[in-house]
Amino acid sequence: MLRLVPFLLLLALTIYAFVDCLNTPEEEVKALPKAVWVIIILLFSIVGPLVWLFAGKKRSAVGGAGGGRSRRNQWVAPDDNPDFLKSLRAEQDKKDEDRQAAEAEGAADGADGTDGEHDGDRDEDRDKDRDRDKDTDKD
């Protein structure tokens, strides 16, 4: 079993370097094109991954003057993302407008007596919508 440990470590190092190289943007790759780095990593199993890790990529200092992660790579939770919240508000406003238009149309239909038997259904639907809105407001 112990004979496999060096082989597994070498395999893990090679896979890590390979994936890291593939995920690195082209502008952060130093000295050689990314395709050449991939070939070096795969052909030179011990030296290739080590050279990639130490010399192939621009690395920022941990806690250095780099200011942390770049805005491009930073993930924002949906409830903190202003664009997502705006889209939710716009979607809810559209639903409200549609509901109001349907209610106005229903009131106009009910006024002439042509669609009176469905007014109870509309009242039940409206009550369900209000209950659902109250439940989402509590969350």
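With which residue does Asp96 form a salt bridge, and how far apart are the closest N and O atoms?

Modeller: Please note that this is a predicted model. Asp96 forms a salt bridge with Arg99, and the closest N and O atoms are 3.3 Å apart. The two residues lie in helix H4, and because they are 3 residues apart there, about one helical turn separates Asp96 from Arg99. Asp96 has a relative accessible area of 24% and is therefore partly exposed; Arg99, at 21%, is partly exposed as well.

The structure holds 3 salt bridges. Another of them joins the side chains of Asp98 and Lys94, with an N to O distance of 3.4 Å. Asp98 and Lys94 are 4 residues apart in helix H4, so about one helical turn lies between them. Asp98 counts as partly exposed because its relative accessibility is 44%.

A further salt bridge pairs Lys57 with Asp20, whose closest N and O atoms are 3.0 Å apart. This pair links distant parts of the chain, 37 residues apart: Lys57 is in the loop between H3 and helix H4 (82–111), while Asp20 belongs to helix H1. Lys57 counts as buried because its relative accessibility is 14%, and Asp20 is likewise buried, with a relative accessible area of 12%.

Helix H1 leads on to the packing of the helices. Helix H1 (residues 4–23) packs with H2 at an angle of about 175°, the axes being 10 Å apart. H1 and H2 are therefore roughly antiparallel to each other. On the H1 side, Thr14, Ala17, Phe18, Cys21 and Leu22 take part in the contact, and they meet Lys34, Trp37, Val38, Ile41 and Leu42 of H2. By class, the residues of this contact comprise 8 nonpolar, 1 polar and 1 charged.

Helix H2 (residues 34–43) also approaches helix H3 (residues 47–56): their axes come within 7 Å and cross at roughly 140°. H2 and H3 are therefore oblique to each other. Here Trp37, Ile40 and Ile41 of H2 meet residues of H3, including Pro49, Val51 and Trp52. The contact of H2 with H3 has 7 nonpolar residues, 2 polar ones and no charged ones.

Leaving aside residues up to four places away in sequence, Ile40 touches Leu32 and Gly48. The C-alpha atoms of Ile40 and Trp52 are separated by 8.5 Å, and these residues are 12 residues apart along the chain.

Notes. Residues numbered from 1 in each chain as written. Predicted model: local features only at pLDDT ≥ 70, side-chain atom pairs only at ≥ 80, totals over all residues. Heavy atoms only, no water. Axes fitted to C-alpha atoms, helices over the stretch in contact; angles between N-to-C directions. Parallel < 35°, antiparallel > 145°, perpendicular 65-115°, else oblique. Contact = heavy atoms within 4.5 Å. Nonpolar A, V, L, I, M, F, W, Y, C, P; charged D, E, K, R; others polar. Salt bridge = Lys/Arg side-chain N within 4 Å of Asp/Glu carboxyl O. Buried < 20%, exposed > 50% of the residue type's maximum accessible area, 1.4 Å probe, protein only.
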